[in-house]
Amino acid sequence: MDGAIARRLSEAIRCKTVTPDALGGADFYEFDKLRRCLEAAYPRVHASLSRETVEGYSLLYHWKGSRPKNAIALLAHQDVVPASESGWKHPPFEGEIAEGYVWGRGAIDMKCQLICILEACEALLAEGFQPENDVYLVFGHNEESVRDTGAQSIAQMLEERGVQLSLVLDEGSHYCEFGENSAAFLAVCEKGYADIRLSCVSSGGHASIPGKHTALGRVCRAVAALEKNPMPARLKEPVAGMLKAATWLLPRPHRAFAKMGLFPGLCVRALAKTDKGAALVRTTMAATMANGSDLPNVLPDLAEAVLNCRIAPWDTLDGLLAHMRRVVNDPRVEIEAVKSTPPTPVSDMSSAAYALVAKEAQKLYPSAAIAPYIMLAATDSRFFHRICPCVIRFSPFKSMARDVKTMHAQNERVSIESLGEAAGFFRGVITGNG
Ligand SMILES: [Zn+2]
């Protein structure tokens with residue numbers, strides 16, 4: 001069975017659905033090819049579910065249930081990031097099956113999930129299964145683009161139709177191994193995003209008479225102050241829940257405290273010792289771009305720096321800007337957000353939908369801790385919070401514990417044995433949704 005899924009995934013990888021704004025425009029022929037490939041591979045799905053095309057290439061399938069309650073949506077994007085042909089052990093768009101893996105761009109991110117969702121539906125239809133509740137399949141076509149609009153349009157359409165979902169499941173976090181311990185992380189929220197520009201104007205002049213501070217010097221001083229004074233670290237949900245479920249993420253003396261919810265300050269400090277841990281407990285600010293004068297002997301009349309910030313669910317853009325202005329404390333340095341998206345709400349972890357996903361994840365990984373998590377990157381699922389109280393980002397592939405590093409990189413691959421397991425996971429979610 002796994003071999004057959006691997007072959008269908010391989011065919012999907014051979015459709016070179018590089019995301020539309022990469023390399024100066026998509027080859028939409030490849031998106032049509034993928035659509036035809038899915039039609040051929042999953043005849044029952046295409047006979048029994050209605051399918052709409054949105055923005056030309058995003059796909060919305062609807063499997064009508066016998067009663068219109070607790071509808072769920074399973075998400076996956078069809079597009080992939082580009083891949084250079086050189087340096088790969090197996091070419092990126094051949095979908096070669098070798099050494100127990102399916103290789104190629106999209107194997108992990110995220111044609112594996114797209115295929116395994118369809119595998120689950122096709123197998124259930126073959127058995128004559130009829131869902132009680134509606135099942136939507138949402139396959140966006142430009143998630144990896146700057147203009148990520150396909151899934152957003154579908155979310156809007158569903159909202160306009162008055163659809164309420166009890167569960168949205170998308171890519172995101174996954175199973176991880178930490179020595180003898182392991183965890184399946186269910187990401188229940190996403191951090192927000194902000195590009196914040198610090199700028200300072202001056203009248204310029206000759207660099208031989210610079211005065212005490214140049215405009216660039218002021219901006220640099222501001223950046224240094226912000227690195228020294230980050231946003232406060234906090235132990236809030238879902239990270240508090242994550243530490244309760246996986247206390248071994250902390251040094252030994254702290255574990256009992258995390259379990260009992262005691263001394264949050266101590267636990268936060270321990271977690272924030274690593275870069276990844278710090279990103280989980282606070283809004284981060286990363287200075288990424290800067291410029292000043294165009295010549296070494298000319299004082300800049302404008303200097304600026306951009307900080308790429310990721311806003312924790314308990315913080316806001318306004319709170320972040322206030323913190324930055326307080327720390328910089330220089331009226332000549334202007335601080336403004338040039339682009340921002342707020343953090344998502346935190347999904348309801350006491351819901352039946354969360355319990356269902358946790359139960360299926362536990363079946364897949366019997367000895368792993370099942371822990372809530374904050375997604376540090378963005379997914380299509382962020383558009384669905386308005387119509388769903390329980391949005392979960394989780395990719396049920398065991399192979400990810402080791403192969404997630406091939407995502408957006410060379411030699412992207414997913415293990416064949418992960419595929420059947422993942423199809424079983426989606427099957428469990430569809431049939432268990434009462
Ligand atoms: Zn992805």
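Which residues is Tyr136 in contact with, leaving aside its neighbours within four places in sequence? Point 2 takes this up.

1. Basis. This is a predicted model, where local features need pLDDT of at least 70, side-chain atom pairs count only at pLDDT 80 or more, and totals for chains, interfaces and linings use all residues. Residues are numbered from 1 along each chain as its sequence is written, and side-chain values use heavy atoms, with hydrogens and water left out.

2. Tyr136. The contacts of Tyr136, beyond neighbours within four places in sequence, are Leu60, Tyr61, His62, Ala71, Ile72, Ala73, Leu74, Leu158, Val163 and Leu165 (contact: heavy atoms within 4.5 Å). Tyr136 sits in strand β6, residues 135-140. Its relative accessibility is 7%, so Tyr136 counts as buried (buried: under 20% relative accessible area, with a 1.4 Å probe and protein chains only). Ser50 is 86 residues away along the chain, yet its C-alpha atom is separated from that of Tyr136 by 9.6 Å.

3. Overall fold. The protein has 14 helices and 18 strands (DSSP runs numbered from the N terminus: helices are H or I, at least four residues; strands are E, at least two). The radius of gyration is 24 Å, close to the 22 Å from the globule rule for 434 residues, so the protein is as compact as a globular protein of that length (taken over C-alpha atoms; the rule is 2.2 Å times the number of residues to the power 0.38). The C-alpha atoms fill a box of roughly 80 × 55 × 45 Å along the principal axes.

4. Burial and contacts. Of the 434 residues, 54% are buried. Take contacts between residues at least 6 apart in sequence: 79% of them join residues at least 24 apart.

5. Strand β17. Residues 391-394 form β17, and both faces are covered. Val391 and Arg393 lie on one side, Ile392 and Phe394 on the other; all are buried. In a regular strand the side chains alternate between the two faces of the sheet. Strand β7 (residues 165-173) runs parallel to β17, joined by 4 bridges. Val168 stands opposite Val391.

6. The β4-β5-β18 sheet. These 3 strands form an open sheet in that order, with antiparallel pairing (strands pair if DSSP finds at least two bridges between them). β4 (97-98) and β18 (413-415) are the edges, each with a single partner strand, so one side of each is left without a neighbour in the sheet. β4 and β5 (residues 101-103) are joined by 2 bridges. Tyr101 in β5 is the bridge partner of Ala98.

Methods: Buried < 20%, exposed > 50% of the residue type's maximum accessible area, 1.4 Å probe, protein only.
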